[in-house]
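Let's take a walk through this structure together, one feature at a time. Keep the sequence and the 3D view open side by side as you read.

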Amino acid sequence: QVELVESGGGLVQAGGSLRLSCAASGSIFEIHDMGWYRQAPGKQRELVAGITHGGTTNYADSGKDRFTISRDNAKNTVYMQMDGLEPEDTAVYYCNAWVVRSWFDNGMDYWGKGTLVTVSS
């Protein structure tokens with residue numbers, strides 16, 4: 001079994017910063033792509049940022065220049081530094097990872113339960 005646990009969400013004023021963390025644990029051989037998604041009330045879940053095992057990153061327009069994704073492969077952990085937060089960033093943020101559990105496993109997608117980020121104006 002594999003579990004992803006997010007932390008770091010909370011309430012912050014507009015213009016403030018938060019750092020999200022997501023630690024993966026369990027039966028893990030290797031983690032390929034990891035990413036952060038978010039879902040605002042009444043909206044669909046959307047990609048915020050992604051990072052490959054080798055460290056190549058990609059960002060949605062919403063977070064470009066304000067958010068920075070990084071990872072520590074030794075700790076099976078992905079981070080996202082969020083600066084210049086805006087009320088429009090209010091959402092539940094979910095961690096996602098493609099986890100390979102053994103040499104013979106092609107891997108599968110895992111999701112965390114989410115952490116709430118609320119940005120007040």
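Which residue in S8 does Phe67 stand opposite? Its counterpart across the strands is Met82. Before going further, please keep in mind that you are looking at a predicted model.

The strands S7 and S8 pair in the antiparallel sense, and six bridges connect them. Step back from this pair and you will find an open sheet of four strands, running in the order S1-S3-S8-S7 with antiparallel pairing. S1, covering residues 2-7, and S7 are the edge strands, and each of them pairs on one side only. From one strand to the next, the twist averages 15°. As a reminder of what holds such an arrangement, strands of a sheet pair through backbone hydrogen bonds, either parallel or antiparallel.

Now follow S3 to its cysteine. Cys22 is joined to Cys95 by a disulfide, with an S to S distance of 2.1 Å. The count of disulfides in the model is one. The angle about the S-S bond is -80°, which makes the link of Cys22 and Cys95 left-handed. Because Cys22 lies in strand S3 (residues 18-26) and Cys95 in strand S9 (residues 91-100), the pair ties together parts that are 73 residues apart in sequence. Are these cysteines buried or exposed? Cys22 has 0% relative accessibility, so it counts as buried. Cys95 is buried too, with a relative accessible area of 0%.

Side chains of opposite charge can pair when their charged atoms come close. Glu46 is partly exposed, at 34% relative accessible area, while Arg38 is buried, at 6%.

Arg38 also forms a salt bridge with Asp89, and here the closest N and O atoms are 2.9 Å apart. Since Asp89 sits in the loop between strand S8 (77-82) and S9, and Arg38 in strand S4, the pair ties together parts that are 51 residues apart in sequence. Asp89 has a relative accessible area of 1%, so it is buried.

Asp89 has a further partner in Arg66, and their side chains meet in a salt bridge at 2.7 Å, N to O. Arg66 lies in the loop between strand S6 (57-59) and strand S7 (67-72), and Asp89 in the loop between S8 and S9, so this pair ties together parts that are 23 residues apart in sequence. Both Arg66 and Asp89 are buried. Through shared partners, the salt bridges join Arg38, Glu46, Arg66 and Asp89 into one network.

Phe29 is found in the loop between S3 and strand S4 (30-39). Its relative accessibility of 40% means that Phe29 counts as partly exposed.

Terms used:
Residues are numbered from 1 along each chain as its sequence is written. This is a predicted model: local features need pLDDT of at least 70, side-chain atom pairs count only at pLDDT 80 or more; totals for chains, interfaces and linings use all residues. Side-chain values use heavy atoms; hydrogens and water are left out. A disulfide is a pair of cysteine sulfur atoms within 2.5 Å. Helices (H or I, at least four residues) and strands (E, at least two) are DSSP runs, numbered from the N terminus. Buried means under 20% relative accessible area, exposed over 50%, partly exposed in between (1.4 Å probe, protein chains only). A salt bridge is a side-chain nitrogen of Lys or Arg within 4 Å of a carboxyl oxygen of Asp or Glu. Two strands pair if DSSP finds at least two bridges between them. Axes are lines fitted to C-alpha atoms, for helices over the stretch in contact, and angles run from 0 to 180 degrees between N-to-C directions.
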